[in-house]
Amino acid sequence: MKFFVDTAEIDDIRELSETGLLDGVTTNPSLIHKSGRNFIDVIQEICEIVPGPVSAEVASVEAETMIAEGRKLAQIAENVTVKVPLTWDGLKACRALSNDGTMVNVTLCFNANQALLAAKAGAAFISPFIGRLDDIGLDGMELIQEIRAIYDNFADTIETEILAASIRSANHVKFSAMAGADVATVPPAVLKGLVKHPLTDAGLASFLKDWEKTGQTIL
Ligand code: G3P
């Protein structure tokens, strides 16, 4: 499974990129607003740090404008993935930008038929929003399972990757992986927290204590 980080904070992206475990980055207008940075500048900077796909979202609702915005964003760097919303205009823009050879991430997906349409429109990624479905009492993970089943039924023609988004917890990551999502885009704090287990910390402390008693060194 690939790990993307869902943020526009450069320090977090740099830190996670240095682990060698980061495959890409997703942003959205809310994250750009939170960063307080200029959109184009921040996407350019992220693309210089992370060689994998970096999602940059269009800010209009009409296909023609989305296409123009997408083409401008795609010029920032080769790894820019243009993010469009799951509307008819977004799907039209997805088809046009994909035909240009630009990777497109179709976002705000809340049901399996939407995901099927995005695949038909040539999306490189479909972003089902797990957390926001859970927020309203539905089951985000069930959506991942449904999309996986549909995409697998048409594996000869569908190349779209399932990018589990709106992830809020370590369990969301685990269950997305179990359900067959290709990618999880994870907030920095959740991503950093995945390594944590109290028994790992306790075990390491005990090993280090016993090692010290041997009086040996490796180097
Ligand atoms: O980038 C889209 C997505 O991950 C949003 O997450 O937590 O705002 O629902 P959230």
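## Basis and overall layout

Helices (H or I, at least four residues) and strands (E, at least two) are DSSP runs, numbered from the N terminus. The model is predicted, and local features need pLDDT of at least 70, side-chain atom pairs count only at pLDDT 80 or more, and totals for chains, interfaces and linings use all residues. Residues are numbered from 1 along each chain as its sequence is written, and side-chain values use heavy atoms, with hydrogens and water left out.

The chain has 11 helices and 8 strands. Along the principal axes, its C-alpha atoms fill a box of roughly 70 × 40 × 35 Å. Of the 219 residues, 46% are buried (buried: under 20% relative accessible area; exposed: over 50%; partly exposed: in between; 1.4 Å probe, protein chains only).

## Salt bridges

The whole structure holds 10 salt bridges, each defined as a side-chain nitrogen of Lys or Arg within 4 Å of a carboxyl oxygen of Asp or Glu. One of them pairs Glu15 with Lys192, with the closest N and O atoms 3.1 Å apart. This pair links distant parts of the chain, since Glu15 lies in helix 1 (residues 10-17) and Lys192 in helix 10 (residues 188-193), 177 residues apart. Glu15 is partly exposed at 42% relative accessibility, and Lys192 is partly exposed at 31%.

Glu57 and Lys83 form another salt bridge, at 3.9 Å from N to O. Arg148 is buried at 17% relative accessible area, whereas Asp152 is partly exposed at 45%. Elsewhere, salt bridges with shared partners join Asp12, Glu15 and Lys192 into one network.

## Surface patches

Patches are made of residues with over 30% relative accessible area and no salt bridge, where like charges are joined within 9 Å and nonpolar side chains (Val, Leu, Ile, Met, Phe, Trp, Tyr) within 5 Å. Accessible areas come from the Shrake-Rupley method with a 1.4 Å probe, and for residues only the protein chains shown count as cover. Lys and Arg count as positive and Asp and Glu as negative, without His and the chain ends; a charge is placed at NZ of Lys, CZ of Arg, CG of Asp or CD of Glu.

Asp134, Asp139, Glu142 and Glu146 form a negative patch. Glu142 sits in helix 8 (residues 140-153) and is partly exposed at 41%. A nonpolar patch of about 440 Å² is made by Trp211, Ile218 and Leu219. Ile218 is in the segment after helix 11 (198-214) and is exposed, with 74% relative accessibility.

## Cysteines

With a disulfide taken as a pair of cysteine sulfur atoms within 2.5 Å, the count is 0. The sulfur of Cys47 is 18 Å from the closest cysteine sulfur, that of Cys94, and is therefore too far for a bond. Cys94 is likewise in no disulfide, its nearest cysteine sulfur being that of Cys109, 12 Å away. Cys47 is buried at 10%, and Cys94 is buried at 0%.

## Backbone angles

Most residues other than glycine have a negative phi. Leu108, in strand 5 (residues 103-109), has a positive phi near 65° and is partly exposed at 32%. Ser166 has a positive phi of about 55°. Ser166 lies in the loop between strand 7 (161-164) and helix 9 (170-179), and is buried at 9%.
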